[in-house]
Amino acid sequence: MQATLSALLAKASAEFVGLQSRADFEAAKARYVGPNGELTALMKQMGAVPKEQRPALGKLINEAKGQLQGQLDAALARISSAEIAAQLGPAIDPTLPSPDAGPGTSHPLTLVREEMCRILRKAGFAVVEGPEVETEYYCFDALSTPADHPARDAQDTFYFPAQARFGNISKKVAEEKYLLRTHTSSVQIRTMLKGKPPLRVVSPGRVYRRDTSDATHSANFHQIECLYVDKNVTVRDLKALLDYIFASLLGKNTKTRFRPHYFGYTEPSFEVDLSAQHLPKVNKEWIEIGGCGMVDPAVFEGVGYDSTVWTGYAFGMGLERLAMLMYGIDDIRYFYQNDLRFLKQFT
Ligand code: DAH
């Protein structure tokens with residue numbers, strides 16, 4: 001019996017490799033395990049075998065049946081993948097350059113972001129990232145934004161439902177809510193909690209506000225945030241860095257000025273204006289470009305830095321606003337429409 005079974009398996013295996021279609025497969029399957037199949041016939045002989053021999057024989061047949069089933073499964077898997085491959089057509093290599101568009105171009109926001117990061121790296125800043133889903137602690141509380149501040153209003157900020165859970169974002173305060181970050185300033189807090197001073201980081205990223213979309217507003221846009229912490233840092237250092245950034249990015253003729261302002265996390269705080277009338281479509285002398293200031297001692301204390309030892313500055317600005325200035329783009333919505341006629345202009 002052993003010999004018969006081995007011969008049967010060998011014959012089946014030789015037959016199965018050649019199967020090309022499902023119909024052939026079904027026919028082959030029936031020839032072995034169908035009601036009139038060869039293996040079925042052997043199983044039927046069991047009845048004629050003396051009782052004592054039955055267990056051993058049954059074991060042999062069962063093993064053979066298992067092996068045959070394995071061969072059938074493999075043949076069917078092979079036929080199915082061949083069918084899928086036939087539907088997909090010839091294999092493509094996604095690493096090859098696109099046949100119609102040439103090597104493509106970067107999005108204008110990518111260009112401005114990369115250029116800003118390059119300029120800041122030269123000044124010793126490391127590029128870091130933070131999550132877009134944030135908690136109130138990082139986005140507001142640790143930045144001394146009081147509970148009744150209008151920026152925290154549900155009309156301005158996208159909050160998640162109370163039952164939302166995000167495994168990898170730690171909550172610092174019980175019961176605080178999750179939200180989509182309204183600014184990249186949250187990354188200041190994450191950076192300081194993770195590292196020790198002195199430090200310099202730049203963090204570009206996407207931010208969200210409940211805005212209706214028009215030529216200058218979008219519910220999601222991009223910012224770039226800088227934080228510098230060291231000993232004896234002054235407003236003069238801040239102004240010098242901003243002058244350097246904008247001269248590098250927009251040309252030597254660019255001037256900056258500070259206007260006093262209020263932000264909870266800096267003291268003193270300023271709004272930064274640019275004068276860059278050599279740029280296309282600029283018809284105002286001064287254009288507001290971002291916010292900045294000297295890191296408030298309360299923020300340092302909140303992250304465990306000794307505010308009698310450490311000083312620092314921070315600033316944040318919108319990347320869309322910068323790109324619009326640089327390239328003379330007059331509607332923010334162009335950035336998100338992916339119109340090739342627009343995108344192909346930036347190289
Ligand atoms: N977070 C502010 C905004 O979104 C911008 C800003 C102001 C960033 C002052 C700063 C800062 O780092 O010090 O409008």
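Predicted model: local features only at pLDDT ≥ 70, side-chain atom pairs only at ≥ 80, totals over all residues.
**Reading burial, cores and a ligand site**

User: How many of the residues of α10 are buried?

Analyst: In α10, 7 of 9 residues are buried, so the element is mostly covered (buried means under 20% relative accessible area, exposed over 50%, partly exposed in between; 1.4 Å probe, protein chains only). Helices (H or I, at least four residues) and strands (E, at least two) are DSSP runs, numbered from the N terminus. The buried residues here are Leu319, Glu320, Leu322, Ala323, Met324, Leu325 and Met326. Just after α10, Gly328 has a positive phi of about 65°.

User: Which residues touch the most other members of the largest nonpolar core?

Analyst: A nonpolar core is a set of buried Ala, Val, Leu, Ile, Met, Phe, Trp, Tyr and Cys residues joined through side-chain atoms within 4.5 Å. The largest one here has 45 residues, and Leu242, Ile245, Phe246, Tyr313, Phe315, Met317 and Leu322 touch the most other members. Elements that each supply at least two residues of this core include α5 (108-122), α8 (235-250) and α10 (319-327). The biggest giver is α8, with 7 residues. Another core, of 20 residues, lies apart from this one, with Leu5, Phe25, Ile61 and Leu72 among them.

User: What does Thr256 contact, leaving aside its neighbours within four places in sequence?

Analyst: Contact means heavy atoms within 4.5 Å. Thr256 has Lys239, Leu242, Asp243, Phe246, Val272, Asp273, Leu274 and Trp286 as partners of that kind. Thr256 sits in strand β6 (residues 255-263) and counts as buried because its relative accessible area is 8%.

User: Which side chain does Thr256 meet in a polar contact of 2.3 Å?

Analyst: A polar contact is a pair of N or O atoms within 3.5 Å; within protein, one must be able to donate a hydrogen and the other to accept it, and residues adjacent in sequence count only if both atoms are side-chain atoms. The 2.3 Å one joins the side chains of Thr256 and Asp243. The Thr256 side chain also makes one with the side chain of Lys239, at 3.2 Å.

User: How many residues surround the ligand?

Analyst: A residue is near a molecule if one of its heavy atoms lies within 4 Å of it. Here 15 residues surround the ligand, the closest being His183, Gln188, Arg209, Glu225 and Tyr265. An N or O atom in the His183 side chain is 2.9 Å from a ligand nitrogen, and one in the Glu225 side chain is 2.6 Å from a ligand oxygen. For Phe315, a backbone N or O atom lies 3.3 Å from a ligand oxygen.

User: Where do the elements that give two or more residues to the shell lie?

Analyst: They are β5 (220-230), β8 (287-295) and β9 (311-318).

User: Is α7 mostly covered or mostly open?

Analyst: Helix α7 (residues 186-194) is mostly covered, with 7 of its 9 residues buried. Gln188 and Arg190 are among them. The elements that the buried residues of α7 pack against include β4 (199-208), β5 and α9.

Conventions
Residues numbered from 1 in each chain as written. Heavy atoms only, no water.
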